[in-house]
Amino acid sequence: MAAAPPSYCFVAFPPRAKDGLVVFGKNSARPRDEVQEVVYFSAADHEPESKVECTYISIDQVPRTHAIMISRPAWLWGAEMGANEHGVCIANEAINTREPAAEIEALLGMDLVRNGQGELDIPVRRSWAPKERFSYKTRN
């Protein structure tokens, strides 16, 4: 199997970024003819024990999700990159491994970006405000 082409994230902080802003960006290593969408989802409250349909599987929904703006391939549920209403940003990065992939349907890395299920990922749609996330991470 050929290695995935590189994709890179960047962050620019003041004084490199103007007006005291922080700039987050990412290139995409997706096929050049694949349609990419930039999509906004409003914050929402969800019913107890409801499910969310990801790309290949469904998982338990959380009680509340935050507003997000994501970039994603049109055919899948997940996201290449995104930011939530609290300014928390996340992006998908390809990694190469020597281990073969399991032959089961599962969450994709891009599902984790949108979903925030990964412990190592800062969740976009399900995350708290940045200070709350930092506080949570330092307690564990």
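**Briefing: a chain of strands, then helices**

Read from the N terminus, the protein chain runs β-β-β-β-β-β-β-β-β-β-α-α. That gives 10 strands and two helices. The model is predicted.

**The whole chain**
- The protein chain has 140 residues, and 32% of them are buried.
- Take the contacts in the protein chain between residues at least 6 apart in sequence. Of these, 54% join residues at least 24 apart.

**Rings and a charge**
- How many aromatic pairs does the structure hold? The count is zero.
- The ring of F41 does have a charge over it: the charged end of R114. The distance from that charged end to the centre of the ring is 4.2 Å.

**A look at Y56**
- Where is Y56? Y56 lies in the loop between β5 (51-53) and β6 (58-60).
- Why does Y56 count as partly exposed? Its relative accessibility is 40%, and the partly exposed class lies between the buried limit, under 20%, and the exposed limit, over 50%.
- Leaving out residues up to four places away in sequence, Y56 touches W75, E105, A106 and L108.
- Y56 and W77 are 21 residues apart along the chain. Their C-alpha atoms are separated by 8.7 Å.

Key. Residues are numbered from 1 along each chain as its sequence is written. This is a predicted model: local features need pLDDT of at least 70, side-chain atom pairs count only at pLDDT 80 or more; totals for chains, interfaces and linings use all residues. Side-chain values use heavy atoms; hydrogens and water are left out. Helices (H or I, at least four residues) and strands (E, at least two) are DSSP runs, numbered from the N terminus. Buried means under 20% relative accessible area, exposed over 50%, partly exposed in between (1.4 Å probe, protein chains only). Contact means heavy atoms within 4.5 Å. Rings of Phe, Tyr and Trp (its six-membered ring) pair if their centres lie within 6.5 Å; planes under 30 degrees apart count as stacked, over 60 as edge-to-face and the rest as tilted. A charge sits over a ring if NZ of Lys or CZ of Arg is within 6 Å of the ring centre and within 35 degrees of the ring normal.
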